[in-house]
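Please keep the sequence and the model in view while reading.

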Amino acid sequence: MAERYDRAVTIYSPDGHLLQVEYAQEAVRRGSTVVGLRTNNAIVLGVEKRSVGDLQEERVVRKICMLDDHVALTFSGLTADARILVNRAQMESQSHRLNFEKPVSVEYITRFIAQLKQNYTQSNGRRPFGLSCLVGGFDEDGTPHLFQTEPSGIYYEWRASTTGRSGQPVRDYMEKHAEEILASADEPAAIRHIVRTLVAVSSLTASQMDVAVLRFGQPLRMIDRKVLTDLVRSVRSELEAEAEASRLKRAA
């Protein structure tokens, strides 16, 4: 039955679904895991990093992009779609600066991205963007924001969010530890929570993740690989100790 209603993005199925949009969401669920956390003075983004071939230039494989000096974006889904979306958002940010002589707000550029995605769900001859984005940054007054957009064109603001292949188990883990994660008032604690989440749920190593920090008035900073390696080692020891304590508690 579904085959009769998935030929065009503008056709609803009898149960009210746009199947092409749901297929785009499936592309997101097959993409790399990304995690974002907003603190009082920083935005921390963590992404699952695909392995890079020995002959490939690592610098061109980036999943964390700057839309403007104060706004960063990471995504899960089709990288080629993300390149087009990022270019359009960067052009809109520059246009806004020229026209209004001030930077875009984080919600403005998120709404622009969401509107662009939504337009592609209402026109024949197009397909939805197969990616979900986390957009984090600071308004002109230094207020931090973290938004998420979906292929359907909806967007939400979060204090911490995730999407991608392990999106649901990562979200479950973050909700289980919400109190301590949201209490992260400083940058080092937030970075540690991002790393701990990726290690605990996806069992990633330091070479399989990238973590970036954006602070108000400062350029995006990628966390050094050696620092990540030490953090992952520390987090693994911590998780093993917690697992052993839990095992002993059950045995008693």
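Both faces of strand β6 are covered. Pro 144, Leu 146 and Gln 148 are buried on one side, and His 145, Phe 147 and Thr 149 are buried on the other. Buried means under 20% relative accessible area, exposed means over 50%, and partly exposed lies in between, with a 1.4 Å probe and protein chains only. In a regular strand the side chains alternate between the two faces of the sheet. Six of the six residues of β6 are buried. Helices (H or I, at least four residues) and strands (E, at least two) are DSSP runs, numbered from the N terminus.

This is a predicted model, in which local features need pLDDT of at least 70 and side-chain atom pairs count only at pLDDT 80 or more, while totals for chains, interfaces and linings use all residues. Residues are numbered from 1 along each chain as its sequence is written, and side-chain values use heavy atoms, with hydrogens and water left out. The pLDDT is the predictor's confidence in each residue, from 0 to 100. The protein has an average pLDDT of 92, and 98% of the residues score at least 70.

Strand β6 belongs to an open sheet of five strands in the order β3-β4-β5-β6-β7, with antiparallel pairing. The edge strands, β3 (64-68) and β7 (155-157), each pair on one side only. Two strands pair if DSSP finds at least two bridges between them. Strand β5 (residues 131-138) pairs with β6 over six bridges, and Phe 138 stands opposite Pro 144 in β6. These two strands, β5 and β6, form a hairpin with five residues between them, and Gly 142 in the turn has a positive phi of about 90 degrees.

Most residues other than glycine have a negative phi, and most peptide bonds are trans. Glu 101 has a positive phi near 55 degrees and lies in the loop between α2 (79-100) and α3 (106-119). Glu 101 counts as exposed because its relative accessibility is 74%. Ser 203 likewise has a positive phi, near 55 degrees, and is found in the loop between α6 (187-202) and β9 (209-215). With 47% relative accessibility, Ser 203 counts as partly exposed.

Leu 231, in helix α7 (residues 225-251), is buried because its relative accessible area is 15%. Leu 231 and Ile 191 are 40 residues apart in sequence, yet their C-alpha atoms are 9.1 Å apart in space.

What lines the second largest pocket? It has 13 lining residues, of which Arg 29, Thr 163, Gly 164, Gly 167 and Gln 168 lie nearest its centre. A pocket is an open set of points on a 1 Å grid over the protein atoms alone, where a 1.4 Å probe fits, with protein on both sides within 12 Å along at least five of seven lines; lining residues have an atom within 4 Å of a point. The largest share of the lining, four residues, comes from α4.
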